[in-house]
Amino acid sequence: MSSEPRAGSLARPTGPAGSPGASWGLGEGQAIPWEYAPSPEARDIVAIRERYGLVIDGREVAAADGGEFVDLNPATEEPLAVVARATPADVDRAVRAARRAQRRRWGNLPGKERAKYLFRIARILQERSRELAVLETLDTGKPIKESRDVDIPLVAAHFWYYAGWADKLDYAFPGRVARPLGVAGQIIPWNFPLLMLAWKIAPALAAGNTVVLKPASTTPLSALRFAEICREADLPPGVVNIVPGPGEIGAYLAAHRGVDKVAFTGSTAVGRQIAASVAGTDKALTLELGGKAANIIFEDAALDQAVEGIVNGIYFNQGEVCCAGSRLLVQESIVDVVIDKLKDRLATLRVGDPLDKNTDVGAINSRAQLEKIEELVASGVAEGAELYQPACQLPERGYFFRPTLFTNVAQSHRIAREEIFGPVLSVLSFRTPDEAIEKANNTEYGLSAGIWTEKGSRILEMARRLRAGVVWANTYNKFDPTSPFGGYKESGFGREGGLHGLLAYVRLEDR
Ligand code: NDP
């Protein structure tokens, strides 16, 4: 995959019709005569220790059996750190510590006292934002400009937001008394590790719960750094416990009898297993699972703006986003022009070193994920879709994949049905709004969707009929802590963010 010239260097490929050179006033196949200078973010702002333990009851400890695993940098395949691998006995200890902390301390603190801790954490997150952004980029492979400008600011924003609710639960749920649920078992994925942690820990703590959190095995470092921040904020021991470990540890945590609430973000397959293990208990459960969002573009849309939105919708975070706009539905009259503009734009995306501030598309998070993307892309070709990839040279090492566009896609193709979780866009067309709705809703998922049109009435009508938890209009991938996020159907249930996200961590009683 790595032998051709690099589009990111703007040495353009000869490309198909509508070659990128054209928009720069150059002839077909002519290279842009300049190159971006490398602009690497300083790596040494973050000190990564050789080894990390679990964090239980405010202390860093080895796993009960001494087990460890190696955490890699996906952009270089080099080890970043060795991390303790929790065992069931460790999870037992963490749940006991969380229970003690909830009963004896955290659950009894007045809301305004809990708020002080959360505000303190938010402030430290902001103060350490550059360090956290670099750490997150090293561990996930995502471009530094995304971790710096999106992930970490949103992480802090969630703590500010929920800190504000901690002493106002009576106003959040008027006429009711909001009680904490107890101990929350939280399992997060690798695509937005610290942000998913914030979505789960901030509302849980604001409402008086304590947590045991299992990060993904490929991205444990920011959760462990967060535990340091909790110590720096003097958070009482046991309120936040971090237990890195394999999927079985997630399963053990979700099924644990000492856990009152389970919150999971990840694949639909694992979500199903967790739902089965929680069924029949009185545990509360929220599941935020996969997606196959339709980004729908009408002929009256502002096309250049829409193309930017489409690119952001699918190539942001290498497409490893549950709400990625991975199916593009284009009105038939503008298919050719949209595809030309997209190809043109794709060729300017810079793929490579995630720590370079000019990089648009970084590394895929793991070899397994890269293999999954490759397999699904091969299936697209085998099933008859037409593949387009800009000719960019990928780094020699690391898990990289070219931004990919499929045309000639049928709804039955796997690339139109399955979550790829990679930088791969499948283009389909439609003639009427009804057909767009039918195709958009023709998926087992229901997490998000996008609409591009200048007609406000059409936006409202489409949004009403789209079976998706979040619908963006003339924009995409906009997040805010005040806004609930979650899905329908196989995309899960329950909402995170906003008051809905707080509701998921309280039991409401009559006054
Ligand atoms: P998983 O659902 O396996 O991983 C998400 C989290 O769940 C990780 O912390 C993982 O731990 C943990 N986990 C794994 N198995 C279990 C289990 N049986 N019980 C409880 N927790 C478990 O996703 P993958 O990493 O395997 O990715 C596969 C696909 O899932 C992706 O290609 C993508 O399509 C989808 N996905 C969707 C996400 C979303 O945001 N909706 C996020 C991540 C993936 P560990 O890392 O140790 O395996």
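How many bridges join S4 to strand S5, and do these strands run parallel or antiparallel? Six bridges join S4 to S5 (residues 78–84), and the two strands run antiparallel.

This is a predicted model, in which local features need pLDDT of at least 70, side-chain atom pairs count only at pLDDT 80 or more, and totals for chains, interfaces and linings use all residues. Residues are numbered from 1 along each chain as its sequence is written, and side-chain values use heavy atoms, with hydrogens and water left out.

S4 and S5 belong to an open sheet of three strands with mixed pairing, in the order S1-S5-S4. Its edge strands, each pairing on one side only, are S1 (51–52) and S4 (68–73). Asn 73 stands opposite Glu 78 in S5. Strands pair if DSSP finds at least two bridges between them. Helices (H or I, at least four residues) and strands (E, at least two) are DSSP runs, numbered from the N terminus.

The chain has 17 helices and 20 strands. Its radius of gyration, taken over C-alpha atoms, is 23 Å, close to the 24 Å that the globule rule (2.2 Å times the number of residues to the power 0.38) gives for 511 residues, so the chain is as compact as a globular protein of that length.

| Property of the chain | Value |
|---|---|
| Span of the C-alpha trace along its principal axes | about 70 × 50 × 35 Å |
| Buried residues (under 20% relative accessible area, 1.4 Å probe, protein chains only) | 60% of 511 residues |
| Accessible surface (Shrake-Rupley method, 1.4 Å probe) | about 19,400 Å² |

Carbon and sulfur atoms hold 50% of that accessible surface. Among contacts (heavy atoms within 4.5 Å) between residues at least 6 apart in sequence, 74% join residues at least 24 apart.

Conventions:
Buried < 20%, exposed > 50% of the residue type's maximum accessible area, 1.4 Å probe, protein only.
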